[in-house]
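Notebook open, model loaded. I'm jotting down what I look up as I go.

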Amino acid sequence: MSTATRERLPESSTIQQGPLRKPPTWKSPIIMGVLGVVALLAFGLASNAGDTSTFGMSTGAQRLQIPALVLPTRPAAIVLSVLCLVLAAVAAAAVRVKRPVPLAVPIGFAALWLLAFLVWSMAGEQVPLPGLLGGTLLLSVPLVFGALSGVLCERSGVINIAIEGQLLAGAFASALMASVTDSLWIGLVMAPVAGLLVAVLLAMFTIKYVVDQIIVGVVLNVLVVGLTGFLYGRVLVQNADVFNQPGTFSRIPIPGLIEIPVLGPALFNQTIIVYLMYVAVIVTQVALFRTKWGLRVRAVGEHPKAADTVGIKVNRIRVQNVLLGGVVAGFGGAFFTLGSVGAFGREMTAGQGFIALAAMIFGRWSPVGALFAALLFGFANQLQGTLGALGSPIPSEFMLMAPYLATIFAVAGVVGRVRAPAADGQPYTKA
Amino acid sequence: MKLELRGITKRFGSFTANDSIDLVVEPGEIHSLLGENGAGKSTLMNVLYGLLQPDEGQVVIDGERVHFDGPGDAVAAGIGMVHQHFMLVPVFTVAENVMLGYEYTKGGQFLDHAAARQQVRRLSERFGFDVDPDALVEDIPVGVQQRVEIIKALARDAKVLILDEPTAVLTPQETDELIAIMRELKQSGTSIVFITHKLREVRAVADRITVIRRGKVVGTADPGTSEAELASMMVGRTVQLTVDKQPFAPKGEVLQVEDLSVRDDLGRTVVDGVSLDVRGGEIVAIAGVQGNGQTELVEAIVGLGEDISGSIRLQGKQILGLNAKEIIDLGVGYVPEDRSHDGLIESFTVAENLVLSQHDRAPFGSGLLYHPAKVKARANELVGEFDVRTQGVEATAGSLSGGNQQKVVVAREMSRPLKLFVASQPTRGVDVGSIEFLHNRIVAERDHGSAVLLVSTELDEVLALADRIAVMYRGRVVGVVDGDTPRDVLGLMMAGVPEQDARRQAAEQGPTALTVQDEEARQ
Ligand SMILES: Nc1ncnc2c1ncn2[C@@H]1O[C@H](COP(=O)(O)OP(=O)(O)O)[C@@H](O)[C@H]1O
Ligand SMILES: [Mg+2]
């Protein structure tokens with residue numbers, strides 16, 4: 001998402017004799033360095049020497065049981081903080097030679113930093129690691145679907161602010177249809193259809209009628225919130241037995257893979273929607289960067305006129321991608337109802353569509369990047385729950401802010417320079 | 001392949017950009033389309049390439065009528081085009097750009113980068129290009145980008161290659177290389193439509209010349225036609241191609257720039273330690289291929305830059321840090337390169353535009369008042385003096401042609417006593433008739449004792465006007481040389497070769513395709 005309009009430049013200055021690439025800034029290594037030192041001082045050196053932090057390593061679903069991991073709090077936090085500082089140094093080295101900082105660096109940094117924080121907070125306590133990771137994954141599922149929708153749209157040059165509305169529409173349609181038909185599968189199929197309907201409006205107004213993309217997106221969100229809220233109050237609440245009791249998909253443990261220590265139960269004992277997400281991320285990543293279709297989509301998002309001059313139908317591709325994005329976000333909506341809560345609730349997406357946009361930016365408009373960014377936000381969210389249960393030294397109100405703080409940092413570009421597709425948000429019309 | 005355009009008419013609203021144009025490109029010829037800026041050359045080629053739909057007329061290939069719904073159809077018919085503004089995706093590699101739209105795939109949909117690379121290498125080798133298929137387009141120089149565009153067209157088996165103003169971004173040496181490439185393509189049977197407004201290039205390379213004026217074909221010529229004749233066809237009357245100029249008699253230093261550096265908003269250094277003096281009564285021209293820091297240097301001098309270090313003095317007084325209005329009031333006149341955005345307010349009248357920097361002071365204003373009658377009287381004087389062709393001083397500036405708009409800007413800037421006159425691309429997009437007039441005024445300003453700093457990417461203009469020439473390359477001044485320095489030497493300096501080396505290389509290499517004409521002209 002890039003709302004800044006490009007500056008008009010006189011013709012001559014658009015032509016450059018050398019690299020046009022903006023050098024990376026020192027902002028991100030400096031902030032990482034400072035945060036790393038904070039972690040070292042606050043989590044490492046300030047903790048009590050005798051304390052231990054214990055991670056449970058297995059769940060009942062696994063045949064192979066691993067004993068809990070007992071870490072001495074202080075050395076563990078120090079090691080994690082030092083690793084943070086190492087990543088900060090890696091970022092600094094990249095900036096020095098004017099290379100972009102690889103995406104894994106800020107994401108790895110944030111994960112390590114949060115881990116250091118966790119280790120420090122859980123001194124004297126035990127936390128089950130598979131549960132922590134599984135919870136992280138679940139909290140990030142709608143973000144991943146939403147961010148993928150954003151990637152699909154924005155890579156082709158259309159800003160999708162309506163992800164929130166698409167998630168909500170998907171959540172509503174899946175709950176309603178699964179209840180009415182008494183089939184979770186029909187519910188799961190109707191979610192993308194609802195997302196698609198929102199996308200049809202988005203495509204029509206932004207591409208056909210060339211209305212400002214941000215405004216259309218905002219209006220669509222308001223529309224979906226209003227419509228689902230109205231129907232929820234008038235229909236779903238009145239007769240919840242018939243209209244709002246879809247139930248949830250049960251978990252499908254994948255034999256073999258579930259035995260992988262720690263990760264197995266977190267990743268491979270999930271519902272069909274989570275497995276769909278894995279497939280969606282991989283397929284989108286491969287399709288965008290390895291196929292003919294992907295090359296064209298990216299060309300349309302970067303330089304639509306160049307694409308046009310080689311016979312690529314710019315607006316056709318944009319419409320396709322916006323619709324596809326709606327479908328993907330619709331699945332994310334189904335997760336709220338069929339994948340976790342088991343019923344629809346008014347505005348139950350609670351701004352996740354916007355966090356998904358942040359994950360897309362943090363992930364630098366790549367599906368895998370967005371996946372890890374979403375996981376990071378999910379982790380921050382999960383920590384808040386876990387630590388709340390432990391009675392952490394940090395007030396829970398503050399912990400509630402953590403995912404949003406992480407988002408703001410990400411969007412403010414602290415995680416390294418982000419470059420949107422060059423034609424993102426710009427309609428393409430011919431004379 | 002024989003290509004014919006018959007009766008092509010293209011209108012934009014009520015404006016007719018192409019008026020029933022006929023054009024025939026024979027197989028294997030280099031056909032030059034010559035016309036002033038705005039004559040309608042790009043429009044015609046965009047119609048041919050399927051980017052625009054003609055209102056009337058037809059395209060005929062080998063005797064058969066064809067219809068192009070989009071560029072894809074034109075490419076399929078064997079037409080390739082290198083656009084005036086390159087159509088390359090900056091964040092893609094060369095290979096990706098070349099295959100875009102015509103992808104090599106393996107296993108169904110998967111991109112075959114190896115095959116694309118191979119293709120780029122094969123074509124590069126064949127034409128002696130040095131192009132790395134894996135380089136990102138944004139990282140390679142403009143001259144190489146142009147070759148990527150040519151490779152793109154050849155990769156699709158173009159039988160007719162359209163080159164739209166390809167030399168605008170090249171140094172004279174690069175232009176020579178391009179001419180060699182064009183000849184080679186012709187040898188291998190490709191016809192070329194070569195679009196330009198530079199007479200010298202047309203004569204060097206074209207087999208046949210079609211001249212377009214104001215959207216109409218005004219005639220065809222063969223390359224033996226003299227520059228003066230071509231110019232008068234292009235303009236519609238006889239023009240004088242050289243400027244009468246007395247030897248210069250410089251006085252004291254007016255502008256002293258020392259160690260000036262400018263960074264752009266991306267933090268890149270675009271002007272790098274430039275030092276330059278301009279004396280009263282002399283014209284110093286800054287030559288260079290566009291985009292080498294000229295614009296930013298000039299903007300810094302007139303108070304429009306931001307991230308600047310160094311020193312700029314006007315008659316000894318430090319002006320770095322003053323804003324544009326303060327600098328104007330010190331006696332600096334400025335003609336910006338983008339006239340319609342920075343030089344004028346198009347929705348204001350000619351009269352208002354003529355007093356833009358003086359509107360708040362006597363005689364045009366006093367206190368909070370503004371005196372339209374005085375403004376109008378003054379405007380009438382200036383319109384007469386500068387030969388501005390307008391329906392009246394109350395017409396909006398936007399309704400004027402490019403040349404007349406430029407005269408308004410120049411008239412305004414010269415209508416007050418100046419110490420320094422700075423002109424950036426003063427004749428870009430201006431008709432030849434107005435160019436003559438503007439050049440004479442600039443020389444007159446010099447003879448009047450002002451210091452003149454001229455930025456031009458047109459070497460002809462630099463050579464016609466300059467008393468001294470500063471050549472810029474990548475933000476630095478490569479050297480400052482006399483106004484009569486040979487074109488070859490300047491060309492090499494524009495590519496970053498220091499003066500001494502440039503002179504030596506120029507002497508070793510002998511005259512180039514373009515300079516031969518200078519010799520002929522002298523004989
Ligand atoms: N898309 C357009 N809409 C309106 N006017 C245009 C458009 N494209 C070109 N023109 C006008 O048509 C004329 C011819 O332009 P162009 O073909 O670019 O000239 P040339 O290439 O010969 O310099 C110019 O006056 C230009 O302003
Ligand atoms: Mg043109």
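Predicted model: local features only at pLDDT ≥ 70, side-chain atom pairs only at ≥ 80, totals over all residues.

I started at B:V131 and looked up its contacts (contact means heavy atoms within 4.5 Å). Leaving aside neighbours within four places in sequence, B:V131 touches B:V94, B:V120, B:S124, B:V144, B:R147, B:V148 and B:I151. B:V131 itself is in the loop between α4 (113-127) and α5 of chain B. Helices here are DSSP runs of H or I with at least four residues, strands are runs of E with at least two, and both are numbered from the N terminus. Buried or exposed? B:V131 has 9% relative accessibility, so it counts as buried. The cut-offs are under 20% relative accessible area for buried, over 50% for exposed and partly exposed in between, with a 1.4 Å probe and protein chains only.

Residues are numbered from 1 along each chain as its sequence is written, chains are lettered from A and ligands numbered from 1 in the order written, and side-chain values use heavy atoms, with hydrogens and water left out.

Next I checked B:N46 against B:V131: they are 85 residues apart in sequence and 27 Å apart in space, C-alpha to C-alpha. B:N46 is one of the buried residues of α1(B). That helix is mostly covered, with seven of its eight residues buried. Just after α1(B), I found B:G50 with a positive phi of about 85°.

Then the metal. Which residues coordinate the magnesium ion (ligand 2)? I found B:S42 (OG) and B:Q84 (OE1), at 2.1 to 2.4 Å. Donors are N, O and S atoms within 2.8 Å of the metal (3.2 Å for Na, K and Ca), and water is not among the atoms, so sites may look incomplete. B:S42 belongs to helix α1 (residues 41-48) of chain B and B:Q84 to the loop between β6 and α3 (94-99), 42 residues apart. B:S42 is partly exposed because its relative accessibility is 22%. B:Q84 gets that label at 31%.

On to domains, whose bounds come from an automatic or database domain assignment. Chain B is split into domain 1 (3-235), domain 2 (253-331 + 417-485) and domain 3 (346-415). I got 41 Å between the C-alpha centres of its domains 1 and 3.

How many cavities of 30 Å³ or more turn up in the whole structure? The search finds six. A cavity is a set of points on a 1 Å grid over the protein atoms alone where a 1.4 Å probe fits but cannot get out, and lining residues have an atom within 4 Å of a point. Points are joined across faces, edges and corners, and a volume is the space filled by probe spheres set on them.

The largest cavity holds about 200 Å³. It has 15 lining residues, and the closest to its centre are B:P172, B:K198, B:E201, B:L459 and B:R487.

Terms used:
1 Å grid on protein atoms, 1.4 Å probe; cavity = no way out; pocket = protein on both sides within 12 Å on 5 of 7 lines; lining within 4 Å.
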